[in-house]
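Here's a quick briefing to read with the model open beside you. It goes through how the chains meet, then a few individual residues.

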There are 4 protein chains.
Amino acid sequence: MVRIAVAGASGYAGGELLRLLLAHPEVEIGALTAGGNAGTRLGEHQPHLTPLADRVLGESTAENLAGHDAVFLALPHGRSAELAAQLGPDTLVVDCGADHRLTDPAAWDRWYGGEHAGHWPYGLPELPGARAALTGTRRVAVPGCYPTGTSLALVPALVAGLVAPEVVITAVTGTSGAGKSLKPHLLGAEVMGSLSAYGVGGVHRHTPEIAQNLSTALGSPVSVSFTPVLAPLPRGILASCSAPLADPATDAEAIRAVYEKAYADEPFVRLLPEGQWPTTAQALGSNMVALQVTVDVDAARLVVVSAIDNLTKGTAGGAVQCMNLALGLPETTGLPTTGVAP
Amino acid sequence: MVRIAVAGASGYAGGELLRLLLAHPEVEIGALTAGGNAGTRLGEHQPHLTPLADRVLGESTAENLAGHDAVFLALPHGRSAELAAQLGPDTLVVDCGADHRLTDPAAWDRWYGGEHAGHWPYGLPELPGARAALTGTRRVAVPGCYPTGTSLALVPALVAGLVAPEVVITAVTGTSGAGKSLKPHLLGAEVMGSLSAYGVGGVHRHTPEIAQNLSTALGSPVSVSFTPVLAPLPRGILASCSAPLADPATDAEAIRAVYEKAYADEPFVRLLPEGQWPTTAQALGSNMVALQVTVDVDAARLVVVSAIDNLTKGTAGGAVQCMNLALGLPETTGLPTTGVAP
Amino acid sequence: MVRIAVAGASGYAGGELLRLLLAHPEVEIGALTAGGNAGTRLGEHQPHLTPLADRVLGESTAENLAGHDAVFLALPHGRSAELAAQLGPDTLVVDCGADHRLTDPAAWDRWYGGEHAGHWPYGLPELPGARAALTGTRRVAVPGCYPTGTSLALVPALVAGLVAPEVVITAVTGTSGAGKSLKPHLLGAEVMGSLSAYGVGGVHRHTPEIAQNLSTALGSPVSVSFTPVLAPLPRGILASCSAPLADPATDAEAIRAVYEKAYADEPFVRLLPEGQWPTTAQALGSNMVALQVTVDVDAARLVVVSAIDNLTKGTAGGAVQCMNLALGLPETTGLPTTGVAP
Amino acid sequence: MVRIAVAGASGYAGGELLRLLLAHPEVEIGALTAGGNAGTRLGEHQPHLTPLADRVLGESTAENLAGHDAVFLALPHGRSAELAAQLGPDTLVVDCGADHRLTDPAAWDRWYGGEHAGHWPYGLPELPGARAALTGTRRVAVPGCYPTGTSLALVPALVAGLVAPEVVITAVTGTSGAGKSLKPHLLGAEVMGSLSAYGVGGVHRHTPEIAQNLSTALGSPVSVSFTPVLAPLPRGILASCSAPLADPATDAEAIRAVYEKAYADEPFVRLLPEGQWPTTAQALGSNMVALQVTVDVDAARLVVVSAIDNLTKGTAGGAVQCMNLALGLPETTGLPTTGVAP
């Protein structure tokens, strides 16, 4: 059995980690810690986690987190490097925060500010080369939710040279992506019945991470125009991704063949049958990425749509998948491939 | 392994049955059948059931459903008696429809019309005496979604003589309870942003079923005033249940003690800590019933609030729980006690 | 022209007041003030109020609010008495808060705590005797949102002696009723996809106000069991109200006749045609109360369902209606009777 | 007074037309007609239209629609040309359907099929030259909902030569845009909690209409990549629109100046203050278009976000605005510039 701890257990990422880990056959749940909610029962914050409802949250200190095989960090950025150092090199540290995602210190400084904590193996096994780096590792940088669904939507076409390296992405998200922050625009009365754009013009912090994923896969720079939209649902990201065809004569069948091949062996990526488009409901609570591809003939662009659950494959499910890889368990252990719908 | 079939696999109850049965360690999924959707892929109707997406639906005939250890019927009422007869007495038949819930032929005729198909063991193991009747049975009448949460909310107080047998229930439901019926008032644009009452004045068909459960438990007639309300969410029933205290001096602690005792050993009923009230989100996708009790001192009434997922504990989860009992498996096998939130 | 000021203009009640007052043909909008948001543009908080978007909010001081014909107070309770005293007896003060609703100082102390500020004419003109008290007044206590829809649902039956004075109410509300408070359970991700009860057991502060309205109308005490439920929509209250029939033989026609007569001349109360049940969407943004009545024959209870928009008829619309009465304008001036749907 | 008729009064466009026309000071409401709902009360379908609830719907025949100053057609496409011919050249016919929007018969045949009915003045007065063509006309082709918000978002930049004529649009919509069609994917339980793309790859019928608007304004062809996304809300379209900068050094201020000038005198277009992004809630029920512009410096693209209510400015409000122009009334008469929020 793998004994795990979760720091940040009262938040949305922490809650989803625990939901999945409770169902994981090789996991035993150890310390649960929090920041401001330390000292309270988990059931006050996560009443859906019935088996853990009476657990009392500890402080997110290295002392409380020590002595586990794997420690999941669901903390504000800037906290994980120090904690990881204190936990030692033999403990698997899975960081759901941003600290170790970007490889370029200058990019870190531009987008987050301050000194770069260094980068860790990037937790998106479906990217070229990523699975090998994650196997047996003791440090994982879990991707952001937007980079997960959008990178997997675009990498195969870029790598195959089907499109020019100038992608345009509009991704629509549920509100849990913003966490439990108490901000007026996240109140239910504001969110329900409304759509809003935010972080427009390439200023959202996931932009450099998407660009890094695409550029690394391609081996040369990819320009990314990224617009996030907030929609009235708790979970889910639907990404509309497009890029100019390298050859305007490329047809949808050729595209489809490339994606089929790219994801043929991926247990958590499903290219839907022709004519069926992804919905976030089909991925809800599951670790799946649902994809569909087509060609806009008039505009001579590839269009790919992907759907994920931002909390599952986009955060906690991806994190558990990486834990499995890191610890030598079958990659799919404990991870749902069925969604919860309707 | 238990080999199962599901009739009505393209509907909401059928989809939830398959979601749970896919995760059940002792189950092998056999025939999937449908009415008008026979001949189509399951993935067109239930894209969230990834592992079964390419299955083609058969017709809901006895021939297609034969040869399984257990057959789940998620069909319009009036169909199950004949199918069950054709499947033979050794096949476990779990009927999610209404046909065999009511014990009184006159009540059947009044509320549904026509000849009574007879009654089967009632699939709510938490009711007094029900578990014994379900153990080893080959026929199960799965309760309606409203009767599940409301009966469990009221039976302990009635049986303990704490309240007069005159209960008032208003239960608010998500729209999946109405199934995939194509009716204008169930369109998204109508449902979102609106609340509506329906079946008001004691005319909803679940009223006699609730009355039967309460009266059977008490051993004498219970009057039930039941008002259902439709709210903008896919899943969940929150029931507000009250009854006059038999002794106006009864305090909340006395009530609480009765409920604690009644459900102490029930794996799927959780009386929440004092001061915490149920939410349907905490039960979403799980087989749990969340309860809280209090006394309205001024009005001298007991008030109980229960929350369930109408598709899980309210239909498909309850059905799988009964299958476990009927086939001698541990009652909790394969059934989630954690919800999916937020 | 009536020159008005709104204190609390950045909140939900303040925003709805301004939406209605902008469309009111006899009104000129003067000072807009706020608490913590003083000094900011109204458009940051209420972007839907396009014509006022560039107005800068002042402090909610008597000095800023002086010099208007009517001042609307949408403030936390405890603030209005002092402000009203400073504004002088000739200024119409319409208090959307709770301070002057309850007539009994002991009730105020029990439910809100502290010294009673006294009571003002109660702003629900459709209650017996209320319209006369509001005509020409310079002080108005606008009712709470729950008391509005529930009192109008029950008063005619009580006054006509059709039911026993023991009412049971479950009212389902959208989340704007809680205002813009930054509380975790009001976050969009928590609210959407969930139903929850709160203030259960007769402890919600609107309970004594409902009891006061019903008891005053009847002339003797009425027992009120009130349970509020929070549902995933921004606006709307659907109330399910019932009471035992005084004579179990009373039929729905007799009830209907009483309600038809009671509201025949009320411009903002609509008893729906038989068989049609209220939805909150039909009242959204309008000043209407939609009602339907029936008899639950088996339970021998009257059941009345009412739907309102908690921000319009339930707060700001009611307030404007009272302003019209107070200032001698036609009561319906500027108030929408059509809702915004779907 | 202008006497109007509405054909298709039981649908969403028809309902919104009547909501606005009821509040229009110069309008008297005449015949209300429908297809399958002829013979029923309007209140069954549009309970929010209280003042018209008891009106009985007639058949949508020329006979019933004759004798009015203006006839609004909210009908399936293919019906309006014949009806308009029967109503005569002096009656104002405002067609909310698609029949007369496209100017190119080949485009009509490709996208809708069959013979082109000809084109009428296009009902988006804010487009260059459009207002003049609408003034005094007796035929109006009301734009589609997507073309309204997206064309206004992009025309100023194209006309000013700021961007290359290759635009990429992802527009997220509420479900009322699909009308009251009884399709499974529009059921509340399917829509709530889910996002889905449809008509992807340039196949949505509004694509050629957007291209026509942009190309006409620019005077040369504009390539349009358009992806619509369905989100869980009843009303609203948020459009994320982008295009490569003609000169990568163009800054946001230059863009802003162009948009400020373009819409300085437009009563229904609001360029938000810098840093504030549009929400659909702010436009709900109003005739406003809310816009914000920026430059994505890294991607060298203009990004414009627009928000409208698809039923108001996107359909019925635009239609009434055109009626005002056609009949010589002030263009803004009867049209709300305040939205309904939260």
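Is A300(C) buried, partly exposed or exposed? At 22% relative accessibility, A300(C) counts as partly exposed (buried is under 20% relative accessible area, exposed is over 50%, and partly exposed is in between, with a 1.4 Å probe and protein chains only).

Bear in mind that this is a predicted model, where local features need pLDDT of at least 70 and side-chain atom pairs count only at pLDDT 80 or more, while totals for chains, interfaces and linings use all residues. Residues are numbered from 1 along each chain as its sequence is written, chains are lettered from A and ligands numbered from 1 in the order in which they are written, and side-chain values use heavy atoms, leaving out hydrogens and water.

**Where chain A meets chain D**

- Chain A and chain D each bring 45 residues to their contact (contact means heavy atoms within 4.5 Å).
- About 3,200 Å² is buried between chain A and chain D, with 63% of it from carbon and sulfur atoms (buried area is the accessible area, 1.4 Å probe, that two parts lose on being put together, summed over both).
- Two salt bridges turn up across the interface of chain A and chain D (a side-chain nitrogen of Lys or Arg within 4 Å of a carboxyl oxygen of Asp or Glu).
- D298(A) and R110(D) form a salt bridge through their side chains, at 2.8 Å from N to O.
- Between chain A and chain D there are also 10 residue pairs in polar contact, both residues at pLDDT 80 or more (a pair of N or O atoms within 3.5 Å; within protein, one must be able to donate a hydrogen and the other to accept it, and residues adjacent in sequence count only if both atoms are side-chain atoms).
- On the side of chain A that touches chain D, strand 9 (residues 223–230) of chain A gives the most, with six residues (helices, H or I with at least four residues, and strands, E with at least two, are DSSP runs numbered from the N terminus).
- That side of chain A splits into 24 nonpolar, 16 polar and five charged residues (Ala, Val, Leu, Ile, Met, Phe, Trp, Tyr, Cys and Pro count as nonpolar, Asp, Glu, Lys and Arg as charged, and the others, Gly among them, as polar).

**Where chain A meets chain C**

- Here 18 residues of chain A touch 18 residues of chain C.
- The area buried between chain A and chain C is about 1,500 Å², and carbon and sulfur atoms give 71% of it.
- L182(A), L187(A) and M192(A) supply 43% of the area that chain A buries against chain C, more than any other three residues.
- Helix 8 (residues 188–191) of chain A provides the largest share of the side of chain A that touches chain C, namely four residues.
- The residues on that side of chain A are 11 nonpolar, four polar and three charged.
- Chain A superposes on chain C by a rotation of 180° with 0.0 Å of shift along its axis, at an RMSD of 0.0 Å.
- The two copies are thus related as by a two-fold rotation axis.
- G188(A) comes closest to the rotation axis of the residues of chain A, at 1.7 Å (C-alpha).
- The copies meet through the same surface, because 100% of the interface residues of chain A are also interface residues in chain C.

**Residues that touch other chains**

- S176(B) sits in the loop between strand 7 (166–173) and helix 8 (188–191) of chain B, and counts as buried at 2% relative accessibility.
- Beyond its neighbours within four places in sequence, S176(B) contacts several residues, including P342(A), Y12(B) and A189(D).
- T279(B) is in the loop between strand 11 (269–271) and helix 11 (280–283) of chain B, and its 19% relative accessibility makes it buried.
- Leaving out neighbours within four places in sequence, T279(B) contacts A307(B), S194(C), L195(C) and S196(C).

- The peptide bond from A341(A) to P342(A) is cis, with omega near 0°, and P342(A) is in the segment after helix 12 (312–327) of chain A.
- A300(C) has a positive phi of about 55° although it is not a glycine, and lies in the loop between strand 12 (289–296) and strand 13 (301–308) of chain C.

Technical notes. Copies are superposed by least squares on the C-alpha atoms of residues with pLDDT of at least 70 in both.
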